Amino acid sequence: MIYSMTGFGKAQKEIQDLQIKVEVKSLNSKFTDLFCRLPKSLSAREIEVRNYLTQQLERGKIELSLTMQKATETVSPSLLPEKQIEELFSELKRVAKQVGVESVNETALYLHALSMPNTIQAEQTQETEEEVEALWQSIFEIIQEATQECKAFRLREGNVVEEKFKEYIASIKSGLDAVKEQDLIRMPNIRERMKKSLLDLGLNEDFDQNRFEQEVVYYIEKFDISEEKVRLATHLEYFLEVLKEGNGKKLNFMAQEIGREINTIGSKANDSNIQRLVVNMKDELEKIKEQTANVL
């Protein structure tokens, strides 16, 4: 079972008079890169949110966005402390005249009165610590729901990628089988090419056969790909075993090892048919490498 690092989840719920919406997105990354967009009133909870996301999603470029807004568009006049605003406005005008400000911009003073700390929230901060904690727990449940949906998305993507991996490995195995068949006729062909080259140089059939056989053995050893074929087959089998573990870093490492054996076969084979097979196997391996970068 493997997880993709690409995922998306969202959840929303109405709590008291608030409409709360959470979205969690994740993309592939070598490291854990977290970004949380929270309302200012919840900034103290950011570490808790980050720890939870790290525990659940582990790795990737992860972004959480949480928005809160009033469930209804209409705002009751009682939410604005009119008397307090009026007193602040009057006090600002008085102080301005007292310090010698000749021309007072009353609009600017009024806006300043509205923006002063605790002006609008003064009558909304009567909640007890228990109520605040209860509200946060409800919000955190929404975060958990969105995160779990993101994990489920990752698992679905991972299942698709896993099937693709199996297809690519099967294709490389097929190429390796074709290489083995071609290798059976490759060495006799090399022997015949060497003999023909000697005859083309004007040598008679009675040249030193022992010397010739020694040279053939030398080239057979030089072009021998038996070990590479065995190691490649072993790596392909182990890749499928690691696939069951769902470890993206191991899969990436195994892809590199598979590539090393394929490249060696291509460089040592000295055979055009095997070279074509190697190119096809490399093409399948590149697809594997692209996908391993997105596996958790």
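Visitor: Which backbone oxygen does the side chain of Arg59 reach?
Guide: This is a predicted model, where local features need pLDDT of at least 70, side-chain atom pairs count only at pLDDT 80 or more, and totals for chains, interfaces and linings use all residues. Residues are numbered from 1 along each chain as its sequence is written, and side-chain values use heavy atoms, leaving out hydrogens and water. At 3.2 Å, the side chain of Arg59 reaches the backbone oxygen of Ser29.

Visitor: Where is Arg59 found?
Guide: Helices (H or I, at least four residues) and strands (E, at least two) are DSSP runs, numbered from the N terminus. Arg59 is in the loop between helix H1 (46-57) and strand S4 (60-70).

Visitor: Which side chain of opposite charge is nearest to Arg59?
Guide: Lys and Arg count as positive, Asp and Glu as negative; His and the chain ends are not counted. A salt bridge needs a side-chain nitrogen of Lys or Arg within 4 Å of a carboxyl oxygen of Asp or Glu. Arg59 is buried yet has no salt bridge. The nearest side chain of opposite charge, 6.8 Å away, is Glu58.

Visitor: Is Asp271 buried or exposed?
Guide: Buried means under 20% relative accessible area, exposed over 50%, and partly exposed in between (1.4 Å probe, protein chains only). Asp271 sits in the loop between helix H7 (248-269) and H8. Its relative accessible area is 11%, so Asp271 is buried.

Visitor: Which residues is Asp271 in contact with, leaving aside its neighbours within four places in sequence?
Guide: Contact means heavy atoms within 4.5 Å. With those neighbours left aside, Asp271 is in contact with Gln182 and Arg186.

Visitor: Why does Asp283 count as partly exposed?
Guide: Asp283 lies in helix H8 (residues 272-292). Asp283 counts as partly exposed because its relative accessibility is 43%.

Visitor: How many bridges pair strand S3 with S4?
Guide: Two strands pair if DSSP finds at least two bridges between them. Strand S3 (residues 32-37) and S4 pair in the parallel sense, and their bridges number six.

Visitor: Which hand does the β-α-β crossover have?
Guide: A crossover is right-handed if, with the strands pointing away from the viewer, the path from the first strand over the helix to the second runs clockwise. Here the chain crosses from S3 through H1 to S4, and the crossover is left-handed.

Visitor: How many of the residues count as buried?
Guide: The chain has eight helices and four strands. Of its 296 residues, the share that counts as buried is 33%.

Definitions and conventions:
Polar contact = N/O pair within 3.5 Å; in protein donor to acceptor, adjacent residues only side chain to side chain.
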